[in-house]
Every structure is written in C-alpha cells, then in structure tokens.
Amino acid sequence: MKTTLCTLLLLVFTSVSFAQNKVNLPQVKVQGNSFVIAGSNKLIFRGVSTSDPDKLERQGHWDKLYFEEIKKWGANVVRFPVHPTAWRARGKTAYLKMLDQGVEWAGELGIYVIIDWHSIGNLKNEMYQSAMYDTSIKETYDFWRTISIHYKGNNTVAFFELFNEPTIMQGQLGTCSWAEWSRLMEECIVIIRANGAEAIPLVAGFNWAYNLTEVANQPINAEGIAYVSHPYPQKRNKPWEAQWTKDWGFVAKKYPLILTEIGFAVAGERGAHVPVISDESYGEAITKYADDHGISYVVWDFDPNWAPTLFTDWNYTPSRQGIFFKKALQKHSGQK
C-alpha cells in the first residue's frame, strides 16, 4: 500500500528524536524497488529542490515561511543542493548550523530531506563544468563523512545524493568509465555507512545524471541504495516515453528510482536554456510516466532566480511550470 500524507503525519508525531527532543520522521528504507516506512508501507516522493541554502540565507529567505510554502505546494520531500564552493566559503560549522535549521523546519512539517553534493563534472579527473562546482575526491569523501556523522540517527534526512551531475562533457573533461565512477560512489557509500548514517545513498548516471543504461549490467555494488536520473525535456526528442524506459526507466523494475531534477521553461522565458526548454506537454508526460511506474520525483527549482523557476517573485506567484507542478504535487498530497 502507499502511505498517504495523513498517515505519514500521524507517524511523524509518534517518533521523537532522542537528540534535542525534536521531531524525527519515521525512517525510510529500501525494500525491493520501493521506499518504505513503518515496516512495509510504500512511500512515493513528490517534492521540490531549493536553491543552495547559502544563497537563500544570504537573501533572507531561509526561514520557516519558505518551508511552509513548500508544504502548501504539496511536497513530502525537499532537496538541498550544497555547492562545494559555498560549503568551503561558509565553513563546515556555519553551513551545518544552517542545514540544521532547514532539516528542523522540514521535519516539523512532515517533509523528508535530500542532501545533494551539487557538483557537475568529472570527479575522477577533478575537472568541472564551471568553477562553482570545483571539488576534489578527498573533499567529496570528507563531505560525506562529515554529513554522515552529523545526521546519524536523524531520519528526516532520508537521502544522500552523492554527486549531482556526472559528465565528461563529450570528452572536454577527459574520460570516466562506469566502472571507475562506480568505485568512487561505492567508496562514498562505505564511508557513509562506516560512520553510522542510515540515509539512503542516491547514485546518478552519466550525461548530466540522465543515463542509467550501465546499471543493467553493472549495478553499484551496495545494498539499500537508489538511483537518480535528471530527465529534462531536451535530453530526447518526442515521443519521450520509450526512450525514457530504455535510458533510465527500466531501473525502476528492480531498484528504487527518484528523478531528483525535472522541470521545464517555455522558449523565450527568462532563464530558458538547453536542456529544459519545453511546455506543459513535457510536464504531463513526465508526471504520468512517474505515476504509472511508481517513480519518485523532485521539481527544480523553488526559487525565482534559478531556472527553470517554480515561482516568479517572493510572493510565491507560480511561474508557468509552477502552475503545472503545483497542481500535480497537490493532487498527490491532498493540499489545495
């Protein structure tokens, strides 16, 4: 059975953290190709990604009102993209304090959290799409060690997205085989679990986290994980569905799958860029595909500046894609 938000909220208030006596949501686990809580209740996630918490805090919008609005839109999961440059600039202690505030607000509202190491590029070669994504293998491992220790026992932080978007950019960033990528991700998972964290590791595929075809023959050598795809509309031409199944959808038959970035911007809209340019036909196709196959998804982005945006101003006026996805999210949550 699928767990409704009402059932989830009842479970929330029966589970209290032993640390600081704050709300601690029921633990999410992997069972077969599903996410489950309370033993066997299946839970499909529908939510939104924030912009970097560092950006929101500097602009005065990292507050409870922001999370209450996310709840009103119908989300049961929220993704925090942590840029390596912001992590270093703010410093571990200050950044963790800021994350703690967001995790607390999310938990109080019955919303689970994904912490995402938001880099784009080739981790093996330590070469990236732009300077804001610059990191190292050592820093990536240390980030997950730090996060694992800090959030050990905090079930609200249900997912660790190990690396946002792996890409070699058609060779501009060198080479990286799936076997090499798998070893890097498996090492992250070993570190996370050795430090006691029970959050579910999320592993992305190649081509800016779109392509998971290698999973068919060489799955990640770890139990209790899930896979990620970012199937933006211009990754393939219409009709999308058969290609989605071939590229990443087949994974959902055996493993949990979560689309941690989806979204669209209409041509000519502020911020419209490849690969996100499309319209409501994409929204209808991707949400139906996810619903039909029991796949979780997160919409990018709950911010008026980072495109494709879900709202246009800090009155939370929905953008064109915001109108579509707000309705889709609320349909599942029962919110209006």
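The following questions and answers examine how terms are applied to this predicted model.

Q: Why is Thr-260 called buried?
A: Thr-260 has 0% relative accessibility, and the term buried requires a value under 20%. Thr-260 therefore counts as buried. The residue lies in strand S13, which covers residues 257-262.

Q: What makes S13 a mostly covered strand?
A: Six of the six residues in S13 are buried, each with under 20% relative accessible area.

Q: What makes the pair Thr-260 and His-230 a polar contact?
A: The two side chains approach to 2.7 Å, and the limit for such a pair of N or O atoms is 3.5 Å. The pair therefore falls within the cut-off.

Q: Which residues is Thr-260 in contact with, leaving aside its neighbours within four places in sequence?
A: The contacts of Thr-260 include Arg-79, Ile-114, Glu-161, Leu-202 and Val-298. Val-228, Ser-229 and His-230 are also in contact with Thr-260. Contact here requires heavy atoms within 4.5 Å.

Q: How do you know that S12 and S13 pair?
A: Strand S12 (residues 226-228) is joined to S13 by two bridges, and pairing requires at least two. Within S13, Leu-257 is the bridge partner of Tyr-227.

Q: What makes S9 and S11 a strand pair, and in which sense do they run?
A: Strand S9 (residues 157-161) and strand S11 (residues 200-204) share three bridges, against a requirement of at least two. They pair in the parallel sense. Glu-161 stands opposite Leu-202 in S11.

Q: Which strands form the closed barrel?
A: The barrel has eight strands, in the order S4-S5-S6-S9-S11-S12-S13-S14, and its pairing is parallel. With direction ignored, neighbouring strands of this sheet are turned by 25° against each other on average.

Q: Why is Gly-74 called buried?
A: Its relative accessibility is 4%, whereas the limit for buried is under 20%; Gly-74 therefore counts as buried. Gly-74 is placed in the loop between helix H3 (64-72) and S5.

Q: What makes Trp-87 and Tyr-95 an aromatic pair, and what geometry does it have?
A: The ring centres are 5.6 Å apart, and pairing requires them to lie within 6.5 Å. The planes make an angle of 55°; stacked would need under 30 degrees and edge-to-face over 60. The pair is therefore classed as tilted. Both residues are buried.

Q: How many aromatic pairs does the whole structure hold?
A: A search finds 38. Ring pairs also link residues into a cluster, among them Trp-62, Tyr-66, Phe-80, Trp-105, Phe-302 and Tyr-316.

Q: How do you know that the radius of gyration agrees with that of a compact globule?
A: A compact globule of 336 residues would have a radius near 20 Å, and the protein has 18 Å, which agrees. The C-alpha trace spans about 50 × 45 × 40 Å along its principal axes. Buried residues make up 56% of the 336 residues.

Definitions and conventions
Residues numbered from 1 in each chain as written. Predicted model: local features only at pLDDT ≥ 70, side-chain atom pairs only at ≥ 80, totals over all residues. Heavy atoms only, no water. Helix = DSSP H or I, 4+ residues; strand = E, 2+ residues; numbered from the N terminus. Buried < 20%, exposed > 50% of the residue type's maximum accessible area, 1.4 Å probe, protein only. Polar contact = N/O pair within 3.5 Å; in protein donor to acceptor, adjacent residues only side chain to side chain. Axes fitted to C-alpha atoms, helices over the stretch in contact; angles between N-to-C directions. Phe/Tyr/Trp six-rings, centres within 6.5 Å; stacked < 30°, edge-to-face > 60°. Rg over C-alpha atoms; globule rule 2.2 N^0.38 Å.
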